[in-house]
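Trainee: I would like to go through the labels used for this model and ask what each one rests on.
Mentor: Go ahead; we will take them one at a time.

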Amino acid sequence: MMRQYELVERVQAYKPEADEALLNRAYVYAMQKHGHQKRASGDPYFSHPLEVAAILTEMRMDESTIAVALLHDTIEDTSATRAEIDELFGPDIGKLVEGLTKLKKLDLVSKKAAQAENLRKLLLAISEDVRVLLVKLADRLHNMRTLDHVPEEKRARIAEETMDIYAPLAGRMGMQDMREELEELAFRHVNPEAWITITDRLEALKRRNVSLLGDIERDLSKLFAEKGIIADVTSRQKKPWSVFRKMETKALSFEQLSDIYGFRVLVDSVEQCYRALGVIHCAWPMVPGRFKDYISIPKQNDYRSLHTTIVGPSRQRVELQIRTRYMHEIAEYGVAAHSIYKDRARAGGGYSVSKDTNAYAWLRRTIEALSEGDNPEEFLENTKLELFQDQVFCFTPKGMLIALPRGATPIDFAYAVHTSVGDSCIGAKINGRNMPVVTRLNNGDEVEIIRGKTLAPPPAWESVVVTGKARSAIRRATRLAIRKQYSGLGQRIVESAFQRAGKTFDRDSLKRALPRLAHKEVEDMLAAVGRGETASTDVLRAVFPEFTEPRAPQPEVREEGWTNLRSAAGLLFRMPGRSARKTPKGGGDTSKGVPIRGAAGNVSVTFAPEGAVPGDRIVGILTPGAGITVYPIHSEALSAFDDQSERWIDVRWDVEDSSRERFPARIRVTAINEPGSLADIAGVIAGEDANIHTLSMTQTAHDFTEMRIDLEVYSLKHLSAILSRLRERSSVSKVERF
């Protein structure tokens, strides 16, 4: 274990003016607080923060960051408090240590949600000070180096989290060296068999190619010397995880990989980078499509380099990276290489990491976009989306550069420009041509977004986009649209319930009752009523705790083949339905019916023309003298009753899952106009044990026929299975419920 004076000497080796007293205080305090705590390996726990500090000295971090590394587990795992650390080490260090402390008491339903909330807290702390990230990555790196000592059941989870979050995060921050080590350590535990196989094959390949690699290095060095270019040429081998990922994504065998070995050329200036490129291309032919200029257009993590592949000596494909020595530092250490500490222009002095980097700016933008209202699981998913993707570079018509993940569409492009642009996107021009909004973008594409007046993206776009920002915005817009739709219905239902109970509907009283209903906003509560998740009587009781539901007389109902529904107020009534199995006389149908409040005796109940099936959210419309008509909540016909809230009846299904009674539903099928299409469709419906009640056909074009089919099915699940099977048939172009 590193001694106190050794740590101080390591920091002073690259920063002679470092605050020795701060380092000594942090060393002693952390050692005392961790006391006799042990790690899973049996080593003193204090050895862990000490090793984290040692990793950061290799990055040449300042003494404040080293002190934070020593203290990073004290609040979480010892009796130390934020106030105590503020008093001993100052509020800046206290804030950094707290940013690295996990949330202990999370009232969340899943470990995934807890993981997401801890990640959100960490990213917010990183967005304020990048040193939090550097300490966290060093902490994770040491934990991965000692993962063999952790119980086996935890290893895979920790390794997967490293692969999903921390390694990509290091890459996004430009810290390729750390990313590669984290990936390799995680790969060993995520897929040990693949790791062993690929590692063995790489070792065997390296032994066979030692002389060839040396020859290529000498040939390149000699060529540069002849042209007066001072360059360092070194060979490098792909890491096992990088090899495995390429084999998987491109479906290649190990023998088909042509870039397992590459060569790095380091020169003194940008001008010499392009001179070296010209010399190489004059000496050996370039492989078409394999040249990339990340100097003129850097990656978002500040990576800059020239990439090219040539057919070099011995007719071997040779991959080359050409960069300056400073670019190489940025490529290896990322934001840590930008850690040039400047005196703050304020009392007390101090140091801070420069925030003037593309990588850090990307991180702040990403956190801002992802933190707006998503639930924990969505935040975790969208963060992973943002971290994982390779990039393409596209342009607006005015020449603004937009960096997007590979596979991005114009929809992603629109949301990258601005959320309102994405919400109003109705089309796109790519390089001057009208193209579908689901077209995949390529490097250099010029994209013009065509906007409409509406601000409601189709929910289906969520499955098309690849950026977390776009997916988050679409989900948010969809939720708001659904909430608006259902809250209007919910308000009419609640108003009707209040009116029946002789109470006055008042939104202020609803707001005061929200805690009892477990909602934050009135609109959310009303939407829950509209969706059938909250009963209107529950709202009544929350607003008026003294309210009790009066019971009505219960006349006996003995009709056969009738189906039970239940009102949200708890009132049961029965409606006629087509039954696949009749109740025999005297067969024990003893259920009772209760009349709907405001109607005398039993009420006639019928379905709307489009039908409704168990599983649908439903609403009843009362017509005096004619009874109640049940509509599915998505029915367009309901808009005719928007201004007649007194006619809305809150009803819900009361049907056993085992019931074999069929219910009406209507679908529209667009089929190819050819012999056998109708038989094919009818066969699918019959094969799913459904019944065709009526069918009408209209030829909409020479090649297509539209069929309107009234079905009888058991449930929404049954209907969905039929629709799914129909979509699989080659004779069917489109199928939908209406």
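Predicted model: local features only at pLDDT ≥ 70, side-chain atom pairs only at ≥ 80, totals over all residues.

**Labels and their grounds**

Trainee: What is noted about phi of asparagine 431?
Mentor: Phi is near 55°, a positive value in a residue other than glycine. Most residues other than glycine have a negative phi.

Trainee: Why does aspartate 689 count as partly exposed?
Mentor: Its relative accessibility is 34%, which lies between those two limits, so aspartate 689 counts as partly exposed. Aspartate 689 is in the loop between helix H25 (677–687) and strand E19 (691–699), and its phi is near 65°.

Trainee: What makes helix H24 (residues 536–543) largely enclosed?
Mentor: Buried means under 20% relative accessible area. Six of the eight residues of H24 are buried, so the rest of the structure largely encloses this helix. Among the buried residues are Val539 and Leu540. The cover includes helix H20 (468–500) and helix H23 (522–530).

Trainee: Why do strand E1 (232–237) and strand E3 (292–293) stand at the edges?
Mentor: The open sheet of five strands has the order E1-E2-E5-E4-E3. E1 and E3 each have a single partner strand, so one side of each lacks a neighbour in the sheet.

Note on methods. Residues numbered from 1 in each chain as written. Heavy atoms only, no water. Buried < 20%, exposed > 50% of the residue type's maximum accessible area, 1.4 Å probe, protein only. Helix = DSSP H or I, 4+ residues; strand = E, 2+ residues; numbered from the N terminus. Contact = heavy atoms within 4.5 Å. Pairing = 2+ DSSP bridges.
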